[in-house]
Structure formats: structure tokens, C-alpha cells
Amino acid sequence: MIQIVLFLLVTITVAFIATKRFNRIFRMIMLGKEGTLPNDHSGIRWKNMIMFALGQKKMFEKPISGIFHLFIYVAFLFTQIDLIEIVIDGISGQHRILRPFLSILYPLMINFIEILSVLAFIATIVFLLRRNVLRLDRFQKPELKGWPFRDANLILCGEILLITGIFLMNGADQVLQDRHYGHYINTGNLYMSGMLVSPSLSELSNASLVMIERLGWWLHYLVILGFILYLPFSKHLHIFLAFPQAYFSKLSSRGMMSPMFAIENEVRSMLGQEPTHSETVAVEDFGAKDVFDLDQRVLLSAMTCTECGRCTQLCPANQTGKVLSPRKIVMDVRDRMEDISTMSAKISVERVNSKLQFDDGKSLFDKISAEELYACTSCNACVEACPVLIDPLEIILQMRRYDILVNSSGPAEWLPMFNSLENNQSVWSLSASRTEWLNENI
């Protein structure tokens, strides 16, 4: 009875705290433009979610890391079955309650989870070595110094504790089963724990084995609860957010800029032409100064970033030594959202005429420099590389748009291009249409 009360007390406390933390994540995503989570083309969106979130399609573009990531991912999915049994056992005070219901499938399931756990353990060690011993270049960039680097190591160490709990629990359980002790019912052979752990425990007393089995059981469960509390502060939030991110991801062509009807109408008016769009756009909607000016879809993608660095690794500007790192751009947006979430306890955030009103004297431009924004070549390499369909280029283009149209800023070298566009409707100082060559006989 004491164990049941303790289990319920711990579980309810963690559920209460976790609900508050995940609600904070939801409120941060809602800081973006209202109603900008798309719901069109649901068939394509479901397909994207199955292919890129559930199927991990892009992870296998790098086969070695893809396979090791698959080990951890599949182990995570199947250990949820184990978690369900632990929760039911904890509430009911029973032990291995699913055994009678699953019959012969039960030992198959437990052995499969054990095999996956061994593979996940190997993958975890490999990932730790890549970061801390081999020191791969994409994990040593400036934006990963400090907390982001420790975050990855903490979660990998947590994985090792989680797997240790499983094998301590099953290894001691197997010995107690063989001795027909107490309520430890026969599950059949647990091959991996029986081979790796049980031999070292076989000389211990029944009381010691029960204590080790309970230690493994609680260690496994408490690490899972720790993960639930920790995820809202970690890049590993993508475990959950990768699914809505893949669903709501941008479907238009990569690099395509959103149209600006107000400017188009103004230009057409200057040229004596009729406007083609009746929509009007307020000045403050010209690009993005802060996270409030970005779509909720973009903010969701920022919270989903895995910080894997594939975008930065392939960025040609970064490769030539420029300060631009697409990963940092996305991380800066997320950091700004967290700053606002923290500050909003002191400064009111309210929606007026569909726009959020908040002013702490700062913006995204305090985190992302003009040098970073204008170093981008718009090549889309970062967009192509992201395994969870994040589009760092969209953030860069929106901030550039604001900087040029509202701040009247931008590189001086671009002014002749803008003047040529205004006077000749082309960047080459030629009035001919850029598509006129299509009509020529070649």
C-alpha cells in the first residue's frame, strides 16, 4: 500500500508540473501571427508526417547516424508498452499485469524490447563519442557552446540510466522467477538480461534480489518522469513536436517568398496600371521585426529544432567562414520566445486587433545581426538538409524584408539593384522582360 501511495503521489505531482511546462510551450508558439497554422491539403500533410516524423525519411541521408538514431527511436517507441505496464502495476500494486493477457506474446515483447535496449545503448555510446571524443565539427560551432552542448550529453546519460533500470529490473526478476519466489510469475526466458545481468546476481539472497528488482523498476520509471519534466527545456522536445511540425510544414516551393500585395499595388499604380489585389497590408506587416511578426508555423518549427547542425554544415556562407549559421538563426528565434515568455510575467502581452502588443525594448535584431542576415545566399541548402522540415531561410527573408522596407537599411551594394528594379523592372538596367528570351527562336 505504501508503494501505491508513493507511486500515485509522484505521478500526480509530475503530471501537474509537466502540464504547466508544456502549456508554456504552447503559449510561446501562439505568440506568432494568429491563425497561421495551415489546415489545407490535409492528405499531403498527413503523408509528410508519416514520412518525415514517423518514418524518419531524411535521417537516412546520413546512413551511419541514421541507423544509430533509428535504434534509439524504435526503442523509445516500444518501451512505451513497458511504460504502460509499469503504470498499471504501480496503480494496482500488481506485478507484470500484462503477462496473463498477452500469453506467449509477452516474452516475445519483453525480449524484443531488451534487444532494442541493447542497440539503443550502443547508439548512445556512439553519439557520446561523436560529440565528446571525435568532436565532429558541426557539434563544435559557437552556438552550441555551454547549455546546448550539455543538454545533448545530459539526455544521452539519461538514456543510459533508463536502459540500466530495465536490465536491473529484468535481470533480478529472472533469478527470482527461477527460484519460484513470491509473486514473480514465469515470463519465460529473458535472454538478454538473463545473459548479461542475471549471472552476476545469482548468488544474492532473495531479499537482495527483490531490492535490486525494485531499484531497477523505480529507476526506470523515475528517469521517464525526469524526461517528461526536462523535455520542455531541451532540444529533445522534437520527440513530440516533430509530428505537428511535419504536418504544418510549408508546402510551397522552398525559398518562395510570400507576396506583398500592398507594394505590388503601389508599384502598379506608379506605372499607371490597375491593382491586381484588393488586399491591403499594414506597414508593420512588412517582414518580421520580432517573433510576433512570424507565423505560428515558424515558431513551432523553432521549438522543434534538434540542433543537429546539418543546416549549418551545408551552408555555403558558413563554409567560407562567414558568421551565418542557420542553426543559430533558429535557436535565436526560440531563445527570443523564451525571453518573452519569461518577461511576460512582468510586462503584459495582449492581443489588440489580432496583433500581440509587447515591448521590452528588444527584438530579434538584438540576437541576429545584419551581417548574418545578408550573408545568406538563399541557396536553400539548409532547408534541404533539415530532417524535420524546418525552413531557416524564411526567417532570414522576413527579417531582411523588415530591415530594408521599414528600417531603410541593407547593404549599400544592393542599392543599384533596387534602383534598377524601380526604374527598369529588372536588375540588369534593361527594360526587357526577364522572360522575353522564351519567345525567341533558338
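The buried residues of α12 pack against α1, α10, α15 and α18. Here buried means under 20% relative accessible area, exposed means over 50%, and partly exposed lies in between, with a 1.4 Å probe and protein chains only. Helices (H or I, at least four residues) and strands (E, at least two) are DSSP runs numbered from the N terminus. This is a predicted model, in which local features need pLDDT of at least 70 and side-chain atom pairs count only at pLDDT 80 or more, while totals for chains, interfaces and linings use all residues. Residues are numbered from 1 along each chain as its sequence is written, and side-chain values use heavy atoms, with hydrogens and water left out.

Start with the whole chain. Its secondary structure comes to 19 helices and two strands. The C-alpha trace spans about 95 × 55 × 40 Å along its principal axes. Of the 442 residues, 45% count as buried. Contact means heavy atoms within 4.5 Å. Among contacts with a separation of 6 or more, residues 24 or more positions apart account for 76%.

Now return to α12. This helix is mostly covered, with nine of its nine residues buried. They are Q296, R297, V298, L299, L300, S301, A302, M303 and T304. One of the partners of these residues is α15. The axes of α12 (residues 296-304) and α15 (residues 326-343) come within 8 Å and cross at roughly 105 degrees. Axes are lines fitted to C-alpha atoms, for helices over the stretch in contact, and angles run from 0 to 180 degrees between N-to-C directions. The two helices are therefore roughly perpendicular to each other. That class covers 65 to 115 degrees; under 35 counts as roughly parallel, over 145 as roughly antiparallel, and the rest as oblique. On the α12 side, the contact is made by L299, S301, A302 and M303. On the α15 side, V330, V333, R334 and M337 make it. By class, these residues divide into six nonpolar, one polar and one charged. Ala, Val, Leu, Ile, Met, Phe, Trp, Tyr, Cys and Pro count as nonpolar, Asp, Glu, Lys and Arg as charged, and the others, Gly among them, as polar.

Helix α1 (residues 2-29) holds V14. V14 is buried, with a relative accessible area of 9%. Beyond residues up to four places away in sequence, V14 touches L225 and L229. N39 is 25 residues from V14 along the chain, and their C-alpha atoms are separated by 33 Å.

Next come the pockets. Rolling a probe the size of a water molecule over the atoms shows where empty space is left. On a 1 Å grid over the protein atoms alone, a pocket is an open set of points where a 1.4 Å probe fits, with protein on both sides within 12 Å along at least five of seven lines; lining residues have an atom within 4 Å of a point. Grid points are joined across faces, edges and corners, and a volume is the space filled by probe spheres set on the points.

The largest pocket holds about 1,400 Å³ of space. It is lined by 25 residues, and I263, V267, L405, F418 and L421 are the closest to its centre. Two or more lining residues come from each of α11 (261-270), α18 (392-405) and α19 (415-424). α11 gives the most, with six residues. The lining divides into 15 nonpolar, three polar and seven charged residues.

The second largest pocket holds about 1,100 Å³. Of its 45 lining residues, H69, I72, H236, H238 and I239 are the closest to the centre. The elements that give two or more residues are α2 (42-54), α3 (63-92), α5 (105-132), α6 (147-178), α9 (206-230) and α10 (238-248). α3 gives the most, with ten residues. By class, the lining has 30 nonpolar, nine polar and six charged residues.

Finish in the loops. Most residues other than glycine have a negative phi. R135, in the loop between α5 and α6, has a positive phi near 50 degrees. R135 is partly exposed, with a relative accessible area of 46%. H180 lies in the loop between α6 and α7 (191-196). Its phi is also positive, near 55 degrees. H180 is exposed, at 72% relative accessible area.

L204 sits in the loop between α8 (198-201) and α9. L204 is partly exposed, with a relative accessible area of 31%. Leaving aside neighbours within four places in sequence, L204 is in contact with R179, L209 and I212. A172 is 32 residues from L204 in sequence, yet the two are 9.5 Å apart in space, C-alpha to C-alpha.
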